[in-house]
Each structure stands twice: as structure tokens, then as C-alpha cells.
Amino acid sequence: MSNEINIAEYDDRFDEFLSEVKKNSYYDSEKIEKAYNIARDAHKNQRRRSGEPYIMHPVAVAKILFEIGMDNECIIAALLHDTVEDTSYTIDDIKREFGDEVALLVDGVTKLTQVSLASREEVQAENVRKMFIAMNQDVRVVIIKLADRLHNMRTLEHMPPHKQREKSLETLEIYAPIAHRLGIRAFKEELEDLAVLYLDPVAYKEIEKSITMKREEGEEFLEDIKKQISDKLSPLIKNVRITSRVKSVHGIFRKVYIKGKTFDEIYDIYAVRIIVDTMIDCYNVLGIVHDMFQPLPGRFKDYISTPKPNMYQSLHTTVLYKGIPFEIQIRTMDMHKTAEYGIAAHWKYKLGKGGKDNIDESLKWINSLIENENSDDKSEIIANIKGDLSIDEIYVFTPRGDVKCLPKGATVIDFAYAIHSAVGNRMTGAKVDGRIVPLDTTLKTGQIVEIITTNQQGKGPSRDWLTIVKTSEARSKIRSWFKKERRDENIAQGKAAVEHEFRKNYIRLTEDEFNKFILKIAERQRLTRIDDFFAAIGYGGINLTRLMPGIKDEYNRIYKDTRDDAPSLKISNESSKSSGGVIVEGIDNCLINMGRCCNPLPGEPIVGFITRGHGLTIHRRDCKNVPYDIANSPEPERWVPARWDSNIKVEARSTLNIYAIDREGVVLDITTALAGAHVKIHAINAREINDGNCLTTITLAVNGKEHLDGIIKMLNKVQGVYLIERTEL
């Protein structure tokens, strides 16, 4: 009985909301009330952690969407969004009562509760991927999801601490960036601030205290500025509206705690917003305020002529008044609505009105995210999505003046693939602001980038590019090229990688056992053929290193008991004598080899690996074949400490790849520089690699890491040399 009384009390809250809905003739209040009654009945025995009836959560989500002007279907879907996930109500029930459109929205928001996955990361990856696929069909799915997350964050104090941190991190990495991409500032800033509150409550309180002080200190300052601007503009421009704000908690948190700036180095703590009627008025106002206040150089941004991908438009300028910097934002009312509510302000279904082309253009990134996810690695999928949703963006121009938006840290290769996959695949070089640059060059906002391509048959990307690119779009297109064009090569490379990892982890199988074992692993990756598994490893679709712990456990479970010839070496309590300039702790009279995979040099941290029948192999500690955490690696007893003997001078060989602009005499200049430094050359090979560039591979005699570093520094001074890499197998 008490439960019914409580729900009845909460019914009054919905009635208040419904009365607001009825004031707008656009909304179908009867259908909305019907949706509420169905949801109320479905959730009647459920409560939230706060103790209130569960139905109040969908009502709160519906109110949030109503406040930003979303449509009937959105409001109804919000009321029903948890019925399929948490009750016996089905998608077919929704389709029957409210139609296909509402059913699509509810299904898109519903999490994958029935899928059996190995880890929380896999669950998160699959849920986010499902949301993006539904979002590509109808972007309202993610707008409902954002409102749902916003209300959950507002009531997060009722969750246990570990859930608070988990939800807050996910909010900061995925949902707030999505709100930013959709231009819904009101959602973005509140989601970020609430996430910081739970992730770093101490920093939040410090910033909140500082903001309160700044607000109190700046109240008179901002009022004075607004009055001066109003007095100046009112006689000249009609309908000027002037507001002010203090920067959000998360905005300051990013700059102070992440970027290491002080409060005095943040120039946009205070901001004044000027809203006018027309675009021409915006530029007129800009001239007037620059005449009134001292503008700071390099702090002007014109997002009207070059809008952000989320349709945001405004003029930003930072000026000084009484020695205090503050930001001025100038925009029209339409621009302001877009800035606050983004895509919701231009909703193409709303009243059947336009904006469709602009909206479709601004949503291309959703389709791009889905198309680019061809990895089978769940953790990589979610990492790519997080990377591509990064709020830190740069704006780079083609020579024709077209602008490309890329995440901060993107390279010229990312830029090439952002233009078109064919441009990236045929890329041989790049110019930034007219100068030829290395392919791993990181781009900055405002740069003009020209991609140099070739029509040479068979030319394609390099596998090394996969470690250079920042965007999943570029990574996906590179993998797709290798997947399509180099299948035989991928299979061979994948098989070699598997055999190498098996040897490294001491997994020994007969040919028949090997094929059966690999097939079982392949089927777990949803592949039916061994060659498909090898090919996926070869082109990068499957990360073998991440699979190896599970493979090793499977091997130990099936075969380990039948293998009793594990490697052994005589271990003593004293350090061995120096062998080849290396001292190995606890091992005496042992054959020592240098790892060809990393070619360790004197002066570099090293570690030894017991190789059955071949003594001990020395690796660089940062070698790709050395586990990061040896203690928790497979067979840690096979890894032994080692160090260089400082009393013995060792001559080692090191191979360098020297990339240079192809000009007459470049190889001669390289060899002359080495001869002048008395560096012995064991082997040299030079070849043209693409239009205008060449690669010189050279094997040298060196006596240590310092010696090699000096050689590289010297060679970097040779005219035309732009990249030197130390090669590893």
C-alpha cells in the first residue's frame, strides 16, 4: 500500500511535466501520457538506489529532452527506454503500440544484456558499437542516451564508489565527447563537470572554490564591461543582447591539472557573449570591441567563416581590460541556439522543417566511425572510438582551401586518408606550408598540407604507418589495403608471427597438433579457416600479443602435462664471468648470443633469456619480445638479469635506415661523413623508394649506445636526410 502511495505522489511530478507539454500544440500529449502509463506499469515493482520509484528516471530523461526541444518520438522513447532492458516488455510490444520509429529508438538505446562476453571492456565495446550503428540510422538514439547518462550522473551519489568512478570515466571518454561532436554544449559541460566531481573530488572542490572567488571578484568587472559594450553598441546596432559567464569546472581542470597551466595563464576564465541579429552585425561588433579594448595577438578565431564540424559558429577574440584578459564571443541568435543545443536546435524531423543537408554533413563522422572499425580486437575498438571522439581537434587546410578536422596529434598520413583512401594509399610524401616533411610529422591548426602521390603500379602504404597514424580511419584504410592486396603476404607474415610467439613462449606442437590448436583459436575469433586467422594477424586485424596469455593458458591446459623437457641451465649463486662483454647473474659457463630482433648495444639495459639448446640470448629490456612484466609472464624463470661489463670494450653492429630526399651525391655525403668520423661500414644498400625520396640501409660497427647516438646526430646534419631509424627484425 505504501508503495502505491509513493508512486501516486510521484505521479504529480509527471502531471506537472504533462501540463508543460500540453502548452505546445506540436506534441501529442495523449501518446506521451499513454507511454508513461505503460512504463509506470512495467516498472511498478522497481526502485532506484535512491529509494524513489524507478519510473521517475525515464520521466526525468523525457523532461531533459523536452527542454532542448526534441520531438514526440524522442519523448515517448525516453519514457520507454528501460522497459525492454529491465522488464518483460518487448520491442514488438512497443512497435505495436507506438510504431517502428519509436521501436527503433528504444532498441538503439537498449544495452546488449544477453550477449556473453569475456570482459567488461568487451561489453563496453559491443554496447558502444551497437549505439553507433543505431545512431547512424537515427541520431536521436544517442541524444536519448546522452539525456539518460546526464540524469544518471546527476544521481550518481547513490552508487558505490567503484561504480561512480567507472561511470564517470566512461562519461568523460565517450559521452561528453559525443555531446561535443553533436554540439550540445549544455550536455557536454554538465557531463564533464559531474565526471570530474567523482574522479577527482579534491580538484573539483579547489576549482569550484576558485571559480566562486573569481565570480565574486569578476562580478563588478563583468558588469562594467557589459555596460561599456552596451553603451557603445546600442546607438549603432539593434537588438544587442549581452551576457557573461565564468569557465566551467572541467574546462579549468583540463588546463590546470592536465596541461599544467596556472589560473593566470587561462585567458578565457571570464567571457562576454554578444548576440546580434545578422552575420554582418557580428563582424561590425568585432571591429568596435577591438577599438574599445586591446586585443591579444593570436587569440582571434573565426568560426563563422569556418564552422566547427558540429555546426558551431561564432567569433572568438581575447582582449585586455584593466590588465585582465577576457574572451568575447559574438554570434547571431540562430548561431547561439546551435552553440547551446547543437543538432537538437536544427532537428530535421521537427515540424518537418529543413536543415537536413547541414545535419547530414555534420553526422558523417558517425558513419566514418562504424566503417573504420574492422578490428577484431574489442579493446582496440573502444580505444579507437575514444581516440576519434577526442575533444582536442585541429583544423588543417588543403592547397585549395578545404578544411579537414582531425584529432590533436594527427600526422600527414592521417590527413591523406581523411581526403580519400586512394590518396593515402598512393602517398609518397607531403609538404606542410610548402616544405617537404617526414611522414610522421604531427600537424597543427592552420597549416596547409599538400600530399605527394604516385601512379606507380603496386604502390601502397607501409605496415609501419599503422604505428604512426592517430585516427582509426587511417588505420582501418591501411589495414583494408593490406587485407585486399596482400593476402598471401599477410598469411605468411601472420604464420611467422604465430610461430615466433610460440617459440618465445615455449609452445611446442607437432604439425597435426599445431593445426588443430590454431583452428580452435581461430574459431574463437569467429574465423572458420586457419589461413583467415593468419591473414588477420598479418594485416593487423587481430593483435596476437593480446591473445597470447589466453593461448598459453589453453596450451598448458591441453598439452603441458605431456611435455616434461623444459629448458634448464646450471644456476650458480655467483655472477658468471664476462662473456662477450656481458655479465649474467647466477649463470656460469653458458653460451651467450645477442638477440637479432633488437641488436642490444653496450650502455643499453639488457636481460637474458634461456633458449633450450642454444644457451642464453641477450635482449634489450625494451625489446618487443621481452614481456613488460616479467614476473607475471609465461615461464618467468627463463628470464635472467644481465648487464654489460664496463671493463671490456665491445664492438657491436647496428643497422640504420636513413631516409632522405633523393638528390645526386646524397649517399656519397653519408659515407663521407661516416669515414670522417672513422666509423667502419659493414654493409650498405641504397635505393629509390618513391618519387623524390630514397632509403639507405647501412650496417655499422659501434662500441655502444652513446657512440650510435652520436653517429645518428651527425648523419641528421647531412643535407636532405629527414628520418633515421634503427632497424629491428
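Predicted model: local features only at pLDDT ≥ 70, side-chain atom pairs only at ≥ 80, totals over all residues.
Student: What makes Glu-73 and Arg-140 a salt bridge?

Tutor: Their side chains come to 3.8 Å, N to O, and the cut-off is within 4 Å, so the pair counts. This pair links distant parts of the chain: Glu-73 sits in helix 4 (residues 72-80) and Arg-140 in helix 9 (residues 140-154), 67 residues apart. Helices, by the way, are DSSP runs of H or I with at least four residues, numbered from the N terminus.

Student: Why is Arg-140 called buried, and what is Glu-73 called?

Tutor: Buried means under 20% relative accessible area, exposed over 50%, and partly exposed in between (1.4 Å probe, protein chains only). Arg-140 has 0%, so buried it is. Glu-73 has 24% and therefore counts as partly exposed.

Student: How many salt bridges does the structure hold?

Tutor: It holds 24. One of them joins Asp-148 and Lys-145, with the closest N and O atoms 3.8 Å apart. Those two are 3 residues apart in helix 9, which means about one helical turn separates them. Both Asp-148 and Lys-145 are buried.

Student: Are Glu-20 and Lys-23, which meet in a salt bridge, buried or exposed?

Tutor: Neither is buried: Glu-20 has a relative accessible area of 38%, so it is partly exposed, whereas Lys-23 is at 64% and counts as exposed. Their N to O distance is 3.0 Å.

Student: What makes Asp-12, Asp-15, Glu-16, Asp-28, Glu-30 and Glu-33 a negative surface patch?

Tutor: Patches are made of residues with over 30% relative accessible area and no salt bridge, with like charges joined within 9 Å. Asp and Glu count as negative, and the place of a charge is taken as CG of Asp or CD of Glu. Those six names form such a patch. Helix 1 (2-22) and helix 2 (29-42) are the elements giving two or more residues to it, and helix 1 has the largest share, 3 residues.

Student: How do you know that Glu-30 is exposed?

Tutor: Glu-30, which lies in helix 2, is at 65% relative accessibility, so it counts as exposed. Asp-92, in helix 6 (residues 91-98), is exposed too, with a relative accessible area of 52%.

Student: Why can we say the buried residues of helix 27 line one face?

Tutor: In helix 27 (residues 666-676), Val-666, Ile-670 and Leu-674 are buried. Seen down the axis, the buried residues fall within an arc of 75°, so they line one face of the helix. That arc is taken over the directions from the helix axis to the C-beta atoms. The face turned away from the buried side carries the exposed residues Leu-668, Ala-675 and Gly-676. Just after helix 27, His-678 takes a positive phi of about 60°.

Notes
Residues numbered from 1 in each chain as written. Heavy atoms only, no water. Patch = residues over 30% accessible without salt bridge, like charges linked within 9 Å, V, L, I, M, F, W, Y side chains within 5 Å. Areas by Shrake-Rupley, 256 points an atom, 1.4 Å probe, with all protein chains shown as cover.
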